[in-house]
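Trainee: Hi, could you go through a structure with me? I'd like to talk about helix packing and salt bridges.
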Amino acid sequence: MKILLTNDDGINSNGLKMMAEYLGDKNEVFVLAPESQRSGFSHTMTFRRPMYFDKIDMVGAKTAYSFSGSPADCVRFAIEFFKFEPDLIISGPNIGPNLAHDVHYSGTVGAASEGALLGYNSIAVSCTVEHHNAAIAHFDTTCKYILDKLDLLSSLNLKKTVLNINVPNIYYNEIAGTKIVPYGRRFFEDVYVQNIH
């Protein structure tokens with residue numbers, strides 16, 4: 001299977017590297033991910049500004065690039081510029097869940113949404129560890145879950161539809177099952193700090 005892998009946590013994310021390694025054994029993995037953290041970029045696209053990419057080595061990836069654009073830019077650039085035609089687009093794994101209204105702000109979901117708009121099977125994947133506990137993220141569970149469900153996810157043929165998957169931050173054998181749920185309501189508790197210069 002040909003898989004386009006991107007994220008919003010950046011090319012150096014441990015989750016991205018692990019996902020490439022898990023998938024790369026039996027699949028052709030093309031990685032194009034932001035050069036640095038792009039959380040909260042939603043479906044941002046870059047217009048009228050130059051973008052840059054650098055080829056890098058990544059275990060499991062046949063080809064991997066660091067890119068100066070947004071997560072959504074990554075998907076479009078991989079398909080339009082590099083002419084990569086994926087069977088499946090995977091965005092993530094994201095650090096932290098994408099729940100309810102989070103999906104409107106998420107660069108992870110934004111990248112998968114761009115893939116869906118272009119007519120490709122696209123999923124957004126998150127490990128439900130919170131950012132302050134990222135050091136104890138069970139990315140191995142998230143990656144194994146996706147690997148085990150890969151044929152099913154591809155066979156669903158959800159073109160023009162984004163599947164948003166949140167995997168619990170637990171050991172793989174502790175996963176009780178899979179449940180499809182509607183979006184709920186959840187809002188960020190923003191804190192604004194005023195600085196007068």
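Trainee: In which crossing does helix 1 pass helix 4, left-handed or right-handed?
Mentor: Helix 1 passes helix 4 in a right-handed crossing; a crossing is right-handed if the near helix is turned clockwise from the far one by less than a right angle, and left-handed if anticlockwise. Bear in mind that this is a predicted model, where local features need pLDDT of at least 70, side-chain atom pairs count only at pLDDT 80 or more, and totals for chains, interfaces and linings use all residues. Residues are numbered from 1 along each chain as its sequence is written, and side-chain values use heavy atoms, with hydrogens and water left out.

Trainee: Thanks! At what angle do helix 1 and helix 4 pack?
Mentor: About 35°, and the axes of helix 1 (residues 14-24) and helix 4 are 9 Å apart. Axes here are lines fitted to C-alpha atoms, for helices over the stretch in contact, and angles run from 0 to 180 degrees between N-to-C directions. The helices are DSSP runs (H or I, at least four residues), numbered from the N terminus.

Trainee: And which residues make the contact?
Mentor: Contact means heavy atoms within 4.5 Å. Helix 1 contributes residues including Met 18, Met 19, Tyr 22 and Leu 23, and among those of helix 4 are Phe 139, Lys 144, Ile 146 and Leu 147.

Trainee: Changing topic: how many salt bridges does a search of the whole structure find?
Mentor: Four. The criterion is a side-chain nitrogen of Lys or Arg within 4 Å of a carboxyl oxygen of Asp or Glu.

Trainee: Lys 144 was in that helix contact. Which residue does Lys 144 form a salt bridge with?
Mentor: Asp 148, with the closest N and O atoms 3.2 Å apart. Lys 144 and Asp 148 are four residues apart in helix 4 (residues 139-148), so about one helical turn separates them.

Trainee: Which salt bridge links distant parts of the chain?
Mentor: That is Glu 114 with Arg 76, whose closest N and O atoms are 2.7 Å apart. Glu 114 sits in helix 3 (residues 107-117) and Arg 76 in helix 2 (residues 71-80), 38 residues apart.

Trainee: Is Glu 114 buried or exposed?
Mentor: Buried, at a relative accessible area of 3%, while Arg 76 is partly exposed at 32%. Buried means under 20% relative accessible area, exposed over 50%, and partly exposed in between (1.4 Å probe, protein chains only).

Trainee: What about Arg 38, which partner does it have?
Mentor: Arg 38 forms a salt bridge with Glu 35, the closest N and O atoms being 3.6 Å apart. Arg 38 is buried at 8% relative accessibility, whereas Glu 35 is partly exposed at 42%.

Conventions: Helices (H or I, at least four residues) and strands (E, at least two) are DSSP runs, numbered from the N terminus.
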